[in-house]
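Subject: Structure handover

Hello,

Here is the structure I promised to pass on. Please open it first, then read my notes below.

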Amino acid sequence: MTEAVESRHFIQQIIDADIETGKWGAPGDRSIVTTRFPPEPNGYLHLGHTKAICLSCGIAREYGGRFFLRFDDTNPAKEEQEFVDSIKHDLEWLGATWEGEAKFASDYFDQMYSWAIELIEKGLAYVDDQSVEEIRSGRGNLKDGGQESPFRNRSVEENLGLFARMKAGEFENGSRVLRAKIDMNSPNMNLRDPLIYRIVNAPHHRTGDTWHIYPMYDWAHGLEDSIEGITHSLCTLEFEDHRPLYDWFIEAINQGRNDEDKIHHPQQIEFSRLFLSYTNMSKRFMRQLVEENHVQGWDDPRMITVAGFRRRGYTPESFWKLAEDVGITKFNAMVDFSRLENMVREDLNERAPRRMVVLDPIKLIITNWDEHGDADRVEAMEVPNHPKDESFGSRTINFARELWIEREDFMIDPPKKFFRLGLGREVRLRCGYWVKCHDYKRDSDGNVIEVYCTYDHQTKGGNNPPPESDGQVRKVKGTIHWVNVNDAVDAEVRLFDRLYMAERPGKKTGDHLDDLNPDSLKIVFNAKIEPGLVQKRDDEPNWEDGIRRFQFERTGYFCVDADSTPEKMVFNRTASLRDSWSKQK
RNA sequence: GGGGGAAUGGUGUAAUUGGUAGCACGAGGGAUUCUGAUUCCCUUAGUUCGGGUUCAAGUCCCGGUUCCCCUACCA
């Protein structure tokens, strides 16, 4: 009876209220909502970032507002153009389109500098000559207050002069900083005269060597937000303690100004990070995995980078679904990795065309194939590309006397619940024929290499045979997949499993490497694929990112890896199918 | 006597802001099925603890517990 009301998470509720009261513009004007994603270009985007991206971009989209991409490039020592490019690419791939050109904190360096001078003139900032160590010890600790710097009460003139010389590059790294004059006894460490500028004599990837001082995060971030007219500056929980400073800086600039001259004051709102079991989002750990060759690069399909997931075959849609699924709260929740897997499965189940591929082949030979025609004949079978969606069409694949089937689909003496092939058992070869096994052959190691079957010529296409004379229709419990030996193509298939075996890698021993899964990558070199898989077929979907994705029936979801050539196809397993049989075993 | 946050089934998340604790995933069971997939149905299990206010508390008040974050010239 009662219509389900769309529930609004706490950030949406804040924005809803802001719009109603007209906090940012005319009451009711939703288009004023402005958000941003502000990465530092010092690494690859990972799963943790996708939550923030989907949130900020999604909010702007929902309200009909604006979403910006801004690079927080305030530390030339760490940042590179390469990362600017990869971050843009990842965002585009995710479908998080930003408005206009990507923005850069470095575009605002002049503005920030002049605001810093204003703070000095108001007596709210000073140049400190203390060393790093002196500043650190002067800051005090969590229990005790700090001590004021001996340079704290310099004259405005002296500060102005020194600050100008800092800018001009007259001083060495670490010799002086500009600090805000707030409160050395604040219980909030961020307010104990935080640094505004430090000296960095290093070339910047965009501004070159025009600057010798660079703004600190707390000074830069809120001002960037202000300049861009950000209304809701969304960030993660660890910045809660920074919010008082975020507000203090903007209010310090606005102090003494007329209302018309006041700069825009965005609202910082914090939400919880994404924690996924069996993964570690630490940039440091991810770097170690790459540099010590535990994986093959930042885009290794086992990595939880956007690039890794993309190569693994994940779709952008699965990240949006996950973001929606985990929700927005202030609770540090541990999300199970299988949830993300479910999101791709859900998406790919609808959108991936089906194919038949045998990963671990043994040969099936039909010994009575000559009873109803030429022993060398090939019969064309029509196979649907999708079991539910007819718009995917169908394809024709060849059926003949010798076929590849999956090793695990045959047992000599199977248990009753084994719905596959066994000695004396009958199964359906999907969209082929029904076959019954009467013999098999082993190699010198005892491994089954061939199974011998008879087929029922009345079951062509996999259909039920006509009723027997007593009216009974023969039934078969299992259906297995196959590939025709004569036109099967060999391919490499990479089977990925989770990179770590522990729910929280490194928690037990302190070293995440101790929890690495030695079997996270298995490579199959001689999988047998349908010949139609080599070239893109006209009836395949046109995936937006150009990556070809499939479901290999009964084995999982796969995509074509960038390493593929027409001579040697390489597939990555995105995710296995849900498998209630292996659980039962 | 540091400060800032957070606690709802196994997991994640709702509860019209004081009025029937709901949804999804998982798990268990069943139906359908030419993928042991998909789909469908059923079951399962919860308000961190102790007080208080109230006709009525997940929600308000008091006290406790547990967990997370904060002492970079990183962001």
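The axes of helix α2 (residues 47-63) and helix α11 (residues 316-326) come within 9 Å and cross at roughly 85 degrees. That makes α2 roughly perpendicular to α11. Angles of 65 to 115 degrees count as roughly perpendicular, under 35 as roughly parallel, over 145 as roughly antiparallel, and the rest as oblique. Axes here are lines fitted to C-alpha atoms, for helices over the stretch in contact, and the angles run from 0 to 180 degrees between N-to-C directions. On the α2 side, Leu47, Thr50, Lys51, Cys54, Cys57, Gly58 and Arg61 take part in the meeting. Their counterparts in α11 are Phe319, Trp320, Leu322, Ala323 and Val326. Contact means heavy atoms within 4.5 Å.

Some ground rules. This is a predicted model, where local features need pLDDT of at least 70 and side-chain atom pairs count only at pLDDT 80 or more, while totals for chains, interfaces and linings use all residues. Residues are numbered from 1 along each chain as its sequence is written, chains are lettered from A and ligands numbered from 1 in the order in which they are written, and side-chain values use heavy atoms, with hydrogens and water left out. Helices (H or I, at least four residues) and strands (E, at least two) are DSSP runs, numbered from the N terminus.

Helix α4 (residues 109-121) and helix α7 (residues 217-228) have axes that come within 11 Å and cross at roughly 115 degrees. α4 is therefore roughly perpendicular to α7. Their crossing is right-handed. The near helix is turned clockwise from the far one by less than a right angle in a right-handed crossing, and anticlockwise in a left-handed one. From α4, Gln111, Met112, Trp115, Ala116 and Leu119 meet Trp219, Ala220, Leu223, Glu224 and Ile227 of α7.

Now the strands. Two strands pair if DSSP finds at least two bridges between them. An open sheet holds four strands in the order β4-β5-β6-β7, with antiparallel pairing. β4 (125-128) and β7 (213-215) are the edge strands, each with a single partner, so one side of each has no neighbour in the sheet. From one strand to the next, the twist averages 20 degrees. β4 runs antiparallel to β5 (residues 177-180), and four bridges join them. Within that pair, tyrosine 126 sits opposite arginine 179 in β5.

What about β17 (residues 402-406)? Four of its five residues are buried, so β17 is largely enclosed by the rest of the structure. Buried means under 20% relative accessible area, exposed over 50%, and partly exposed in between (1.4 Å probe, protein chains only). Strand β14 (residues 361-366) runs antiparallel to β17, with five bridges between them. Proline 361 faces glutamate 406 of β17 there. β17 also pairs with strand β24 (residues 482-484), in the antiparallel sense over three bridges. Isoleucine 405 has tryptophan 482 in β24 as its bridge partner.

β20 (residues 426-429) has two partners to look at. Three bridges join β20 to β21 (residues 434-442), and these strands run antiparallel. Arginine 428 stands opposite tryptophan 434 in β21. With β23 (residues 479-480), β20 pairs in the parallel sense over two bridges. Leucine 429 is the bridge partner of isoleucine 480 in β23.

Most residues other than glycine have a negative phi. In the hairpin of β20 and β21, with four residues between the strands, cysteine 431 takes a positive phi near 55 degrees. Cysteine 431 counts as buried, at 12% relative accessibility. Tyrosine 278 also has a positive phi, near 65 degrees. Tyrosine 278 lies in the loop between β10 (275-276) and α9 (283-291). With a relative accessible area of 17%, tyrosine 278 is buried.

Last, threonine 34. Is this residue buried or exposed? Threonine 34 is buried, at 0% relative accessibility. Threonine 34 belongs to strand β1 (residues 34-37). A polar atom of the threonine 34 side chain lies 2.9 Å from the backbone oxygen of isoleucine 32. Leaving out residues up to four places away in sequence, threonine 34 touches Arg66, Phe68, Glu228, Gly229, Ile230, Thr231 and His232.

Best wishes

How values were computed: A polar contact is a pair of N or O atoms within 3.5 Å; within protein, one must be able to donate a hydrogen and the other to accept it, and residues adjacent in sequence count only if both atoms are side-chain atoms.
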